[in-house]
Amino acid sequence: MGSTFHGLEVAKRGMAVQQMALYTTSHNIANANTLGYSRQRVNFVQSEPYPPASLNRQQIPGQMGTGVEAGSIERVRESFLDIQYRGENNKLGYWEARADALKKMEDIMNEPSDSGLSKTMDQFWQALQDLSVNPENEGARSVVRQRGLAVVETFHYLYDSLSQIKNDLGHEIGVTITEINSLAQQISQINQQISEVEPNGYLPNDLYDERDRLIDELSKLVNVQVEKVPSGGNALKIAEGTYNIYLVDSNGNPILDSNNQKIYLVQGNHMNAFSLPNGIGGDIDGDGVKETPTSDIDNVQIGGVSISITSFPSGKLLGLIESFGYKDASGNVKGIYPEMINNLDNLAYTFGTVFNAVHKEGYGLNSAAKAPAFFDVTVPGAAKNIKLSSAMDDLSNIAASTKQGVSGNGNNALNLASVGKILLSSGTVNLIDVSISLPTSLPLTSGTIQSNYQGWIGKLGVDGQQAERLKNNSEVLRQSVEERRQSVSSVSLDEEMTNMIKFQHAYNAAARQITAIDEMLDKIINGMGIVGR
């Protein structure tokens, strides 16, 4: 026969477990708006029945239940949705960085508009055509000089503005690397705390949530995967253990070092510092200022292990590096801003050189000798250094004529006005009254000056639209996964209120059961009469 107090013990366990469930519900409600919080639940399990299977067991019809106990308190979370979310978050980080860089470049180039390089050059060509009509007019010559100066200043403005944004991107790269290291450090510290709690048989759910939130943030910066490592000891089977975090490429394959080992950012309670060569991304000279890269990047280092940019994982950091500039496996400089700056240099040098070649075939006002160069242009840095020749301070040196001593001839001004349309691959160009052999060292060797510039601007527009479209697509996909994840993990106040009522009624029923058993015992002890007299 069971103990007289068997019913009291069963009811007491029921009250204790329902009370624990109420406390957990209260915790959920309190954290309804906490970022990254996953709702928790108490897992109810039946306690061991009575009597146990043994030779000296009680001879009763069967085992009796001994009530309920809390098996564990676990958070409600779907790890598969976490993996999906981080994948989409990584793509969003990459396309956000790329779209932002391209948007800034579009704002600088400002094409098509009334203030871009294309319009400025059109005004220069028009001034030359006007000069061809009145080649002896000093006002027309002055306009040509001023329009040429406007072209020079526009090249300088574009070069300086692109270089400044490139430097800003370098600073952002340093800040992003610092952020990666900070997140990795925090994750490793949480791993340490979890490894101290789990072996005691507990589930540190709030630490799990904070760690997952940090990994979500990290996934936007670089592409990472999680490797779970058991904590050992008396850890529960559902314990998540510590996380090792390693880098993967865009296909989800681990990035390996020279020994074919995974490159870890976090291993247990240890983190490997992320940096560019020379320690960029941290305060390397002790002046309290985070260093930024000043030249194109060829590799990234993690814990002293170098990773080539060509195999670097996607994310915001890669988007920034591709915008700032990097060196490929062959040592060639690639990147959004270096390529546009290089194109601008090529355009300035080709424009200045071809214009000078045509200008030198003409004659200035009442000049017996052929005209000097109109522009001073050098490489490298043609867009930065191009300027008007000092000879152009004398307006009479502008070569409007193709005939020596014939000041009323404006044919060379027409030739100069057509420079933007000269086919650069032709070698020899036949113009009015003259034939020009194009220099063989021109960086642009196909199309025309105008068509090359239009092609670059067209490509910039297409790239910008594609980056913006893919950014929006990634944001939609991430939001879709986040909504599914929240439907599983987030706190529903309606559901929690329902649970609270359910647990409260169960608690009241268990308490009422104790009262009923107490009345039974009272009847047995005090109400069954007196014997022995």
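Residues are numbered from 1 along each chain as its sequence is written. Because the model is predicted, local features need pLDDT of at least 70 and side-chain atom pairs count only at pLDDT 80 or more, while totals for chains, interfaces and linings use all residues, and side-chain values use heavy atoms, with hydrogens and water left out.

**The whole chain**

Of the 533 residues, 46% count as buried, where buried means under 20% relative accessible area, exposed over 50%, and partly exposed in between (1.4 Å probe, protein chains only). The chain exposes about 26,500 Å², and carbon and sulfur atoms supply 49% of that area; accessible areas come from the Shrake-Rupley method with a 1.4 Å probe, and for residues only the protein chains shown count as cover.

Next, select β7 (274–275) and β9 (305–308) together with β8 (residues 299–302). They form an open sheet of 3 strands in the order β7-β8-β9, with antiparallel pairing. β7 and β9 stand at the edges, each with a single partner strand, so one side of each is left without a neighbour in the sheet.

Two strands pair if DSSP finds at least two bridges between them; β7 and β8 pair over 2 bridges, and β8 and β9 over 4 bridges. Zoom in on Q301, which is the bridge partner of S275 and also stands opposite S306 in β9, and then on V300, which stands opposite I307 in β9. β8 and β9 form a hairpin with 2 residues between them, and G303 in the turn has a positive phi of about 55°.

**Helix α6**

Now move to helix α6 (residues 316–324), which is mostly covered, with 8 of its 9 residues buried. Among the buried residues are L317, L318, E322 and F324. After α6 comes G325, whose phi is positive, near 130°.

**T120 in helix α3**

Select T120, which lies in helix α3 (residues 117–133) and counts as buried because its relative accessibility is 8%. Leaving aside residues up to four places away in sequence, T120 touches S115, A150, V151 and T154, a contact being heavy atoms within 4.5 Å.

**A surface patch**

Finish with M528, found in the segment after α11 (493–526), which counts as exposed because its relative accessibility is 60%. I524, I525 and M528 make a nonpolar surface patch of about 360 Å². Patches are made of residues with over 30% relative accessible area and no salt bridge, with like charges joined within 9 Å and nonpolar side chains (Val, Leu, Ile, Met, Phe, Trp, Tyr) within 5 Å; a salt bridge is a side-chain nitrogen of Lys or Arg within 4 Å of a carboxyl oxygen of Asp or Glu.
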